[in-house]
Amino acid sequence: RVASRRRPRAIGIVDGVFQHVPSVWHKEILWAMANGIHVFGAASMGALRAAELHLFGMVGVGRIFEAYRSGVLAPYADPFEDDDEVAVIHAPPEMGYAALSEAMVNIRATLAEAATAGVISAATREALVRVGKAMFYQERSYEALLARAPAGIPPRESAALQDWLPEGRINLKREDGLEMLAAVRSFVEADPAPKEIAYSFAHTTLWDNAVAACEGEQAALAAPEELVADELRIKSDKSTSLWRMLALQECERRGIDAAAEDRRRTAAEFRRKHGLTRAAELERWLADNHLDHERFERLMADEARLDKLAAALGPAGTPFGLDELRVRGRYAALAARADDKKRSLDAVSAAASMPDEAALLQAMVWYFEDRGGREIPTDIEAYARAAGYADAGLFRRAVWREHLYSRLAEVRRAGGGAAG
């Protein structure tokens, strides 16, 4: 899920840790695909998950996947339904996770190749496969396999196999993993559209709890960020972070994503608003905010998604905004301003109706460019809904009244009187 939050075009799953920690969850993969991400699997854990989820759209690659999908280890017609076929024990991270046992799929493929090459007979291959399958996955190795070989195997075949193994052994997991990487690379280079699914992703309580646990685990901050976070915590300002977290979760629940054009437009508006039009200004802002370009792009993607969520909610979010103002102690001041605006504009005839196009355009330029530091949006309807208005007409009327009220305030400060 952490990889999915970066919104890549595709994710490839090869292997995964299990036993002591949760393995890759099926629902994580379904969630990624529901968010437009193409998911590939091969070799080990990836092959298992692809076989289980290929009907939902996960793409499997390689011979191991095909064997799991069909239920047999093609072309050998051996039953192939156990996950121990790909399991190995490995060294710790500081030793590069080096494999300390041999995967059963590799043993099968190697013995089949040895039989094809005439090193061993078909009967010897079958006998050694049975021995290997009976071993605990952590104990499997070619040395252990030969040491436990049945007495009926001709000694010359055992010796020939031992001599042939160093050069002849097959690493099927590695071959399938490389095949998947090549497939993903070709797929991404073809500039694919986002993944489309035929199922409906259900946000269950179990899933939401898992998401919360995952986000808690990923909450570790870099040292400079931790200092800033401490300032945020000491001020007990929980509303902002809580709102953002829940809003982004709601985006995921609704399947709201941001296309490349949405992200570019959001980033451009953000840079204009904050005076970051030049590359040097952006670099300085990134440094001041402890961000790199990749995390900035993710931030802009989230902002674009939140804009879409706000537009989808429309006026429905307004009551919650008013309650937030009350909690923050800002409601009374805005209520007083609203009352003063109404009384002031009731005496101005121009406020009673909409102006002509030229006057309205002047008001819109004042609102967005002069006061807001941004261009007038191309989609006023979407902007109006995101701001909490039922339609663009009500938003334009509000802008016109705000423009008139601002001019009246300027007249007051200059000591003049209002004119109708």
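The model is predicted: local features need pLDDT of at least 70, side-chain atom pairs count only at pLDDT 80 or more, and totals for chains, interfaces and linings use all residues. Residues are numbered from 1 along each chain as its sequence is written, and side-chain values use heavy atoms, with hydrogens and water left out.

- Helices (H or I, at least four residues) and strands (E, at least two) are DSSP runs, numbered from the N terminus.
- Two strands pair if DSSP finds at least two bridges between them.
- Strand β1 (residues 10-13) runs parallel to β2, joined by four bridges.
- I13 stands opposite G41 in β2.
- Strand β3 (residues 59-61) also runs parallel to β2, with three bridges.

**Burial of β2**

- Five of the five residues of β2 are buried, so the strand is largely enclosed by the rest of the structure.
- Buried means under 20% relative accessible area, exposed over 50%, and partly exposed in between (1.4 Å probe, protein chains only).
- Both faces are covered: H38, F40 and A42 are buried on one side, V39 and G41 on the other.

**Positive phi values**

- Most residues other than glycine have a negative phi.
- A43 has a positive phi, near 80°.
- A43 sits in the loop between β2 (38-42) and α3 (45-53).
- A43 counts as buried, at 1% relative accessibility.
- D191 is not a glycine either, yet its phi is positive at about 55°.
- D191 lies in the loop between α9 (172-189) and α10 (205-217).

**Helix packing: α13 on α15**

- Helix α13 (residues 260-273) packs against helix α15 (residues 293-313) at an angle of about 100°, with the axes 8 Å apart.
- Axes are lines fitted to C-alpha atoms, for helices over the stretch in contact, and angles run from 0 to 180 degrees between N-to-C directions.
- The two helices are therefore roughly perpendicular (65 to 115 degrees; under 35 is roughly parallel, over 145 roughly antiparallel, the rest oblique).
- From α13, the residues D262, R263, T266, A267 and F270 make contact (heavy atoms within 4.5 Å).
- They meet F296, M300, A301, E303, A304, D307 and K308 in α15.
- By class, this contact has six nonpolar, one polar and five charged residues.
- Nonpolar covers Ala, Val, Leu, Ile, Met, Phe, Trp, Tyr, Cys and Pro; charged covers Asp, Glu, Lys and Arg; the others, Gly among them, are polar.
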